[in-house]
Structures are given as structure tokens and as C-alpha cells.
Amino acid sequence: MCGIVGYTGTQQAAPVLLDGLARLEYRGYDSAGLAVRNGSDLAEVVKSTGKLRGLIEKTDGGRSLAGTCGIGHTRWATHGEPSQTNAHPHVSGNCSGSGSGLVESEVTGVHNGIIENYLELKEKLSRHGYQFYSDTDTEVVVKLIDYYYKKYKIGPVDAINRTLVRIRGTYALALMFRDYPGEIYAARKDAPMIIGIDGSESYLASDVPAILNYTRTVYYIGNLQIAQLRPGEVHFFDLNGDEIQLESTQITWDAKSAEKNGFEHFMIKEIYEQPAAVRDTLTSLVTEGRITLEAAGLSDEVLRGISSVRIAACGSAWHVGMAAQYILEDLAEIPVRVELASEYRYRKVLHVDGELLVVISQSGETADSLAALRKAKDLGIRTLAIVNVVGSTIAREADHVLYTHAGPEIAVATTKAFSAQLAAIYCFAVQAAYVRGLIDSDQYDGYLRELASIPDKIERILEEKERIQWFAAKYANARDIFFIGRGLDYAISLEGSLKLKEISYVHSEAYAAGELKHGTISLIEDNLLVIGVLTQKDLFEKTISNMAECKARGAFLMALTSYGNYSVEDSANFTVYVPKTDPHFMASLAVVPLQLFGYYSGVARGLDVDKPRNLAKSVTVE
Ligand code: M6R
């Protein structure tokens, strides 16, 4: 959602801030702003609506804003329409207009997240003479800090602390105080924020790619902790105002992995990075021919003690959960229930002894997934997180963590993280099946050989991308497209449909193939494209029959199956083949043509596929 960057050091701040904001563009936003201060002068605020290039032009690439300390923000509107006035930074001074320019103000701040009780606080502040120029909850927080700061004549840390105990919601805040030149203060609760240090420079960001070019040494600030940044130095404080020590971490991601490297879009680059993402994830979990989950605390004993698995996740990660359900139940004979995290978090949950709650998340910051995790923990349920971003909140709070090794994923539509999540699930399922005595060592070795072959097979699929590109262009202006499949093929269909919808804005639905005739088949009409996914031998004939029912009503059929299933051409009008692998692992191969189909449909329609409208990369609000 929104993006935050901060910098204090020896260089001019504005170009560093703009560069950081550009690297967070993928998160989705509708306006942007900077506040930069020079020595003891007031902070100068510049804001603009629309794309970042507006802000870049307004500040002459940052050159018109002098100063070595500043904060920047890209806003994804929650409270108040996208406008210059509502754009961040916000100031505590009573001013008219949009709060831009050199404003008389003690506190200047930016914020990610939502302050739930902002209306009540706004009323309180109004009674104390504060006036508001924007509709945002952020302006209220900035003014509340100002209120405590002046009322109790206390320092920034204490003023922020008093504010943190009054506000409810999720937030990451970056603030500058007029009386403290060269300093930035940060605090967070359930929204990501990292601090980076390099020599005499200090950085702050809501996401790693923003500062990857400047430093790899980062601190993960905890919930309700405060950071005070000075050039090249950072101090941390708890809610009592006492200084605390945090350990720094080295980021292993390569700065190049957050660049397009000659590809037209991040999405296609990331589709091409899938063999590496799967290989790296498998390598991290397999040592000398054995799956090793002990490092995550998942000993054989723990795996044997699992009575049931419940998976909570959102979007594509939920689709991984849907696939995991079929794989885990079949291989490891563990009952699995898959839930949307947004549903799980608000209902009465009945659980049994030995249940394991698995949260799957690329970002590790998705608000609903985090809430599901916390709910399970409150209920005393053991939790496992499958997460890509090291140090993210979900990773830090779960009892066990399996990291995926997809590297930074920039495109809003997930591809390589999805594939890496599947790889982690396979390892978990095969190991659980083995230690529970359901497969012998020959079968175990066979599964490992199959897993090791997946990256090369994905590469082979990518070599044939032109055919899918051509087909996607042909259907780019379709009004509706249906994806159908049974079992694991249904899970693959769900992901194919979501990829198409989010990138190309073509309406599509994924249906369990046997369910069509219970209503949806009434939508089938002449030339409507139905994509049948047929990777599961036992279900092949059944799905073919459902496809034939659609064809009889005028549908055009595309089939997605593995080499060897050539009889499919008797029914389908267009067929895409992928290499064979063990049926449990077919999602890793079948999803690739569907990702390409979604991507090329969006490209053919001339859309900004990396930043689809209304979407954000990580959804940190409800
Ligand atoms: O970061 P997470 O994996 O928790 O994100 C979950 C969903 O928001 C995410 O998968 C979303 O559906 C993607 N846009 C799908 O491409």
C-alpha cells in the first residue's frame, strides 16, 4: 500500500528520497510528497497527485529542495480522496491550503496504515484549537504528537509514546521535529518499517527495495518501539522511553534483483526467475538428499504430532493453500482445511489438539493473514509461516517459519513467490508423509528427484512462450473467460483466473469443473473462451466431459495438460502442453502458461501490468 522513505546524512536528501519512492512505486499509490529540511530551517513540503514523475518534475529531480534530512511518501488513499491536500507529508501547524511549502510547524510526518479512532481524536484536538486542512487520519496523528509535545514540554520520544498509547489501528510513522534538525523519528505497529545504516548515512523505509542500493545493514524495529535516526546512527526506545538495543541484520538480496534488467516489466522478469526461486527454495530445505525442516523447529516428532492442518492466507497465497490441501491430504494423510484469512479472523474457530495453523504470505505483512496468525496463537494453536520477506511481522511472530527464497518480488501480481511457496509446501508434505510412515525411502527419493527436476521443466515451458503470447493477444478483448478443473487442477484454475483478472481487467471465473452445470453453465455462449486444466490423470476424462458440455453450447476450448495426453485434441480447439512430473507437483508447471496468458493479455491491452489499477503489492490494511 503506501510507501515511506526517510534519509538523514551528508548528501542532499530529496534525490535519495525520490529514488527510494520510485523503488516503492510497485506497492500502488495515487499521490506522493516530500518534506526536506535544511539545518535548523523549517521543513519544506512538496506534494503532487498521480504518478511520481509529477513530484520529480515539481522538484526538478529533487534539486529544488535543499537539505540533508527528509521524509517521503507515496499514498494509497484510505481516509479522504486522492488529492494534493490529502497527500503526505502532513504538518502540525495550523495552515490553510494543502499544507505545502515552508510551513510553520513543530512536527511533520508521513504515515502508512489506518488510525481507527482518528475522528474522536480530531474532535479532542479541535477543542484545543487545532484546525485541519485535510481529511486524513495522518494529520490527526501529527497534530496529536504536537499537542503532547507542547502540553508536557517533553522530547519527541515521549511525545510519540504518549500518542502511541492513544491511537488505535495499524501504522508506520516517520516524523521530523522542528527543534531537532537532522533527526527523524519512526514508530510502527503492525505495518512494516526498517532502518538502514551505512557510514554517516541513515535510511528508513517501509520496504527493503527502497534502500537496497544504499545499504544492506538493517534494523527491524518492533511493534510500539521508537527509532531516532541521526546521520550514521540510530537509537531505539521502548514505550516507557527507555533506550533498548536491537541487533542489525544483513539483507542478502541482490540489488540487481530489484531492477528490471532489460525486461519490459517486472512481472515477466519474475516469471523468468521462477526456476531460480524454486531451486533456491528447495536448496534451502533439502540437504544431502534429505528434507531438513529441523531448523524451523519442525522435527520429525512435531510432524508426527500434527492432527490436522488449517491454512489461512489471501489471494494467490490462498490458492497455494488450496493446492496444498490436495497434496497434504493425499501424500501425508493429514486433514486440511483452507480458509481466507479475512474470514478466519472474525469467526468462532473450533480447533482440535495437535492442529497446525499455516499462514502463507509473500510479504509477511498482509493484515488479514497477520490477524489470522495472532488469533491462532491466542487460541494456543501451533503456527507455521511460509514467508518470503525475512524479518517481516508474520515471520517474526509465527512459532515456525519456512522461508521461500524468491528474492524481492516487485510486480503486484505474484508469480515467483507463488512458485516458491508451492516448493516449500511440497517439502513439508513429503517430509510429513515420510516421518508418518506413509512412504518408504525409495518413494521419498523419487519425490526428491521429481522436485529437483521442476526448475528445468519450468525453463522448458518458458521456451515456448510465443505460442501463449499469440493466443493471449487473440483473446485480449474477451469479455469473460472461464477456467475449469477438478482437484488440484481447480486450484491451478483459481490462480490462472486471478492472474488474468488483476493484470488484464478481463472478467474471469474459476470453477470446479463439476460445479458448472449447477448454475454457471448458463453463462456459456458462442465463442466464449473456456480454459480446461487437465493435469490429473484420474480426473482427465471427467473434466474433458465438462469441457465438451461447454463446447456444445458454443464455447471455444483451450486445454492445458501434460505431454502425452494428446487425445485432448479431439475436444479442445487449442492445447498447451507442459512436461510431466509427479501429479502432486503439477501446479508448479501448469501455472506458468497461465501466468504468461495473464501477462500477455495485459500487455496486448496496453496496460501497466506491474501496477494494475486499485491494487497494492502488500495489503497492510483490512
Ligand atoms: O503478501 P501476501 O502473499 O500475503 O499477499 C497476499 C495477496 O494479497 C496476494 O497474493 C495478491 O492476491 C496478489 N496480487 C496476487 O497476484
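Here are some friendly notes on this predicted model, from the whole chain down to single residues.

1. **Ground rules.** The model is predicted, so local features need pLDDT of at least 70 and side-chain atom pairs count only at pLDDT 80 or more, while totals for chains, interfaces and linings use all residues. Residues are numbered from 1 along each chain as its sequence is written, and side-chain values use heavy atoms, with hydrogens and water left out.

2. **The chain as a whole.** The chain holds 18 helices and 28 strands; these are DSSP runs numbered from the N terminus, with helices (H or I) of at least four residues and strands (E) of at least two. Its radius of gyration is 26 Å, close to the 25 Å that the globule rule gives for 622 residues, so the chain is as compact as a globular protein of that length. For your own check, the radius is taken over C-alpha atoms, and the rule is 2.2 Å times the number of residues to the power 0.38. The C-alpha trace spans about 75 × 55 × 45 Å along its principal axes.

3. Of the 622 residues, 63% count as buried, where buried means under 20% relative accessible area, exposed means over 50%, and partly exposed lies in between (1.4 Å probe, protein chains only). The accessible surface comes to about 22700 Å², and 47% of this belongs to carbon and sulfur atoms; the areas come from the Shrake-Rupley method with a 1.4 Å probe, and for residues only the protein chains shown count as cover. Among contacts with a separation of 6 or more, 70% are between residues 24 or more positions apart; a contact means heavy atoms within 4.5 Å.

4. **The antiparallel sheet.** Seven strands make an open sheet in the order E5-E7-E8-E9-E13-E14-E15, with antiparallel pairing. The edges are E5 (90-91) and E15 (243-244), each of which pairs on one side only. Two strands pair here if DSSP finds at least two bridges between them.

5. **Strand E7 and its neighbours.** E7 is mostly covered, with eight of its nine residues buried. On one pairing, E5 and E7 are joined over two bridges in the antiparallel sense, and Val91 stands opposite Thr108. E7 also pairs with E8 in the antiparallel sense, over nine bridges; there Val107 stands opposite Phe177. Further along the sheet, four bridges join E8 (residues 169-177) to E9 (residues 184-189), and the bridge partner of Leu175 is Tyr185.

6. **Helices by this sheet.** Helix H4 (residues 137-151) lies across E5, E7 (107-115) and E8, running at about 130° to E7. That angle is between N-to-C directions on a scale from 0 to 180 degrees, with axes as lines fitted to C-alpha atoms, for helices over the stretch in contact. Helix H5 (residues 156-164) has seven of its nine residues buried, so it is largely enclosed by the rest of the structure. Those buried residues are Pro156, Val157, Ala159, Ile160, Asn161, Thr163 and Leu164. Their cover includes H4, E8, E9, E13 (226-230) and E14 (233-237).

7. **The parallel sheet.** Five strands form another open sheet, in the order E25-E24-E26-E27-E28, with parallel pairing. E25 (507-512) and E28 (574-578) stand at the edges with a single partner strand each, so one side of each is left without a neighbour in the sheet. The twist averages 20° from one strand to the next. E27 (residues 556-562) is joined to E28 by five bridges, and Leu560 stands opposite Val576.

8. Ser202 lies in strand E11 (residues 201-205) and counts as buried, at 0% relative accessibility. A polar atom of its side chain lies 2.9 Å from the backbone nitrogen of Gly232.

9. **Glu294, in a loop.** Glu294 lies in the loop between strand E18 (290-291) and helix H8 (300-304). Glu294 is partly exposed, with a relative accessible area of 42%. Not counting residues up to four places away in sequence, Glu294 touches Ser299 and Asp300. The C-alpha atoms of Glu294 and His400 are separated by 9.8 Å, and these residues are 106 apart along the chain.

Conventions: A polar contact is a pair of N or O atoms within 3.5 Å; within protein, one must be able to donate a hydrogen and the other to accept it, and residues adjacent in sequence count only if both atoms are side-chain atoms.
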